[in-house]
Amino acid sequence: MDVTVLCDAVAVFPEAVEVALPGWSAEHQQWTEANLPGNVDATGGWLLHFHSYLVTSDRGATLIDTGIGPAGGEAANWLGTAGRLPELLEAGGVREADIHTVILTHVHLDHAGWNTAGERPRFGHATYVVQQAELDHARGGPTYERLIRPIADAGQLRAVEGETALDDGLRLLPTPGHTPGHQSVVTERAVLGGDVLVHPAQARWPELTYVYERDPTVAVTSRREVLALAAATGIPIAAAHPHTALDGSALPLVAAGPGDKPCRPYRL
Ligand SMILES: [Zn+2]
Ligand SMILES: [Zn+2]
């Protein structure tokens, strides 16, 4: 099994880091600058990557999250940059029709941006897998209507409930808090954690909450569980927004570049 990082975009978070992470302190800043300097831009802003993960094996290709999406989309307008996932897939020799499963960690606009092409599912042969609790939470909202309803209408949406083993050896692990139905994907190479942590300092300080966590207390519990899993198994955590996977001690693993530019595709 191979897990390839596909970096859809890099952008500075539109709000100051101490606003996004209300417990932010000088200690967090110093740790980040020392260990993950690419997370801080020249003006002190928080640099986020928007990573999708491509899992390939002899059983086919699965995509985890679909990035911020095209120019003119809601996420691209919010962040001031457009995604490039289709180009990365093409350059890697992966046709969109070859993707048999798309797993969404959660239904936020920067994780589902390339779900569709016009009014149709972009990945025409794929089953899109989302937790039922996430669909219940998101239904009726603009991101659901634009990026999930076309998938449901095409009969390509699969709702799962709780921990779920998929046919290709991937395991879905509910990690609620950021959103009610947030899930992580456990692979042999890494735990693909979505937004279970958004800033790498949250791997060092899991109690550091993010202002957009729906239930901060539950989010801290999920973060601790994923970090404990990583520490116990030696499998790193690759969340969507840090530019590098992190080991169980919150230290960065090898990445394709320092973090201040979009990553070249690389394998975990
Ligand atoms: Zn996110
Ligand atoms: Zn990246």
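Is Glu213 buried or exposed? I started my notes there. Glu213 counts as buried, because it has 21 C-beta neighbours inside 10 Å.

**Ground rules**

I am looking at a predicted model, where local features need pLDDT of at least 70 and side-chain atom pairs count only at pLDDT 80 or more, while totals for chains, interfaces and linings use all residues. Residues are numbered from 1 along each chain as its sequence is written, and chains are lettered from A and ligands numbered from 1 in the order in which they are written.

**Around Glu213**

I found Glu213 in the loop between helix 8 (201-204) and helix 9 (216-233). Helices (H or I, at least four residues) and strands (E, at least two) are DSSP runs, numbered from the N terminus. I then looked up what Glu213 touches, leaving aside neighbours within four places in sequence: Gly177, His178 and Ala219. Contact here means that the C-beta atoms of two residues, placed from the backbone, lie within 7 Å. His178 is 35 residues from Glu213 in sequence, yet their C-alpha atoms are 4.1 Å apart.

**The whole chain**

I noted 9 helices and 14 strands in the chain. The radius of gyration is 17 Å, close to the 18 Å from the globule rule for 268 residues, so the chain is as compact as a globular protein of that length. That radius is taken over C-alpha atoms, and the rule is 2.2 Å times the number of residues to the power 0.38. The C-alpha trace spans about 50 × 40 × 35 Å along its principal axes. Buried residues come to 49% of the 268. Of the contacts with a separation of 6 or more, 70% join residues 24 or more positions apart.

**Helix 9**

How does the span of helix 9 compare with what 1.5 Å a residue gives? Its 18 residues should span 26 Å, and the end C-alpha atoms are 26 Å apart, which agrees. (The expected span is 1.5 Å times one less than the number of residues.)

I listed the buried residues of helix 9: Ala219, Ser222, Arg223, Val226, Leu227 and Ala230. They sit on the same side of helix 9, because they cover an arc of only 130 degrees around the axis. The arc is that of the directions from the helix axis to the C-beta atoms. Thr217, Ala228 and Ala232 are exposed, on the face turned away from the buried side. The buried residues pack against strand 11 (183-186), strand 12 (191-194), helix 8 and strand 13 (237-239). Just after helix 9, I noticed that Gly234 has a positive phi of about 75 degrees.

**The core**

Which residues touch the most other members of the largest nonpolar core? They are Tyr53, Val102, Ala190, Ile237 and Ala238, in a core of 71 residues. Strand 1 (residues 2-12) gives the largest share of this core, 7 residues. Such a core is a set of buried Ala, Val, Leu, Ile, Met, Phe, Trp, Tyr and Cys residues joined through C-beta atoms within 7 Å.

I traced 7 strands in an open sheet, in the order 8-7-4-3-2-1-14, with mixed pairing. Two strands pair if DSSP finds at least two bridges between them. Strand 8 and strand 14 (266-267) are at the edges with a single partner strand each, so one side of each has no neighbour in the sheet.

Strand 7 (residues 127-131) has 4 of its 5 residues buried. Strand 7 pairs in the parallel sense with strand 4 (residues 99-103) over 3 bridges, and with strand 8 (residues 157-160) over 4 bridges, again parallel. Val102 has Tyr128 of strand 7 as a bridge partner, and Leu63 also stands opposite Val102.

**The hairpin**

My last stop was strand 9 (residues 164-165), which runs antiparallel to strand 10 (residues 171-174) and is joined to it by 2 bridges. The two form a hairpin with 5 residues between them, and Gly169 in the turn has a positive phi of about 90 degrees. Thr164 stands opposite Leu172. Strand 10 is also joined to strand 11 by 4 bridges, in the antiparallel sense, and Arg171 has Val186 as its bridge partner there.

Note on methods:
Buried ≥ 20, exposed ≤ 12 C-beta atoms within 10 Å, placed from the backbone.
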